[in-house]
Amino acid sequence: MNTRVELSIAVALAVFFASAQLEAEPNFPITQDGVLTGQAFFHDLQEIDQGHANFAGGFALGYLWFVQENLDGSVFCMPLTTKQEQIWRVVYNYFQKHPEKWDQLAGPLVTAALTETWPCSTGK
């Protein structure tokens, strides 16, 4: 199996098993209807900022890693030397600057933050 397929399977399993956390952890980032809002995701990013090692913070880091692995080089273009902490900080700062967007889906907001910071060259 190739790495992307294995990663996709791992993420799908993680989300499936994490669904049990909905009742166990009231601040779980995905709502009962399966929506990951900007507000919920920013809460999880704040957990990391405050140094809390919990499920919500781990979910946020895993989500950022998944986005990076699947969209870097096509939607945004990070330098090879980019560290995970830099990615987290870029997204955290974007969410912090745009609370008016927190009611939107988190995925496009994360992508917007990374694209704004690391756009791909258009070759022009």
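Does T82 count as buried or exposed, and at what relative accessibility? In this predicted model, T82 has a relative accessibility of 15%, and because buried means under 20%, the residue counts as buried.

Please select T82 and display its side chain. The residue is found in the loop that runs between helix 4 (55–71) and helix 5 (84–97). Then show I87 and W118, which are in contact with T82 when neighbours within four places in sequence are left aside.

From the loop, move to helix 4 and select residues 55–71. Helix 4 has 17 residues, which at 1.5 Å a residue should span 24 Å; the C-alpha atoms at its ends are 24 Å apart, so the two values agree. Just after helix 4, G73 may be selected; this residue takes a positive phi of about 100°.

Now colour the buried residues of helix 4, namely A56, G57, F59, A60, L64, V67 and Q68. An α-helix has 3.6 residues a turn, so residues three or four places apart point the same way. To view what covers the buried residues of helix 4, display helix 3 (38–49), helix 5 and helix 6 (106–117), which are included in that cover.

With ring centres required to lie within 6.5 Å, the count comes to eight aromatic pairs.

Key: Residues are numbered from 1 along each chain as its sequence is written. This is a predicted model: local features need pLDDT of at least 70, side-chain atom pairs count only at pLDDT 80 or more; totals for chains, interfaces and linings use all residues. Side-chain values use heavy atoms; hydrogens and water are left out. Helices (H or I, at least four residues) and strands (E, at least two) are DSSP runs, numbered from the N terminus. Buried means under 20% relative accessible area, exposed over 50%, partly exposed in between (1.4 Å probe, protein chains only). Contact means heavy atoms within 4.5 Å. The expected span of a helix is 1.5 Å times one less than its number of residues. Rings of Phe, Tyr and Trp (its six-membered ring) pair if their centres lie within 6.5 Å; planes under 30 degrees apart count as stacked, over 60 as edge-to-face and the rest as tilted.
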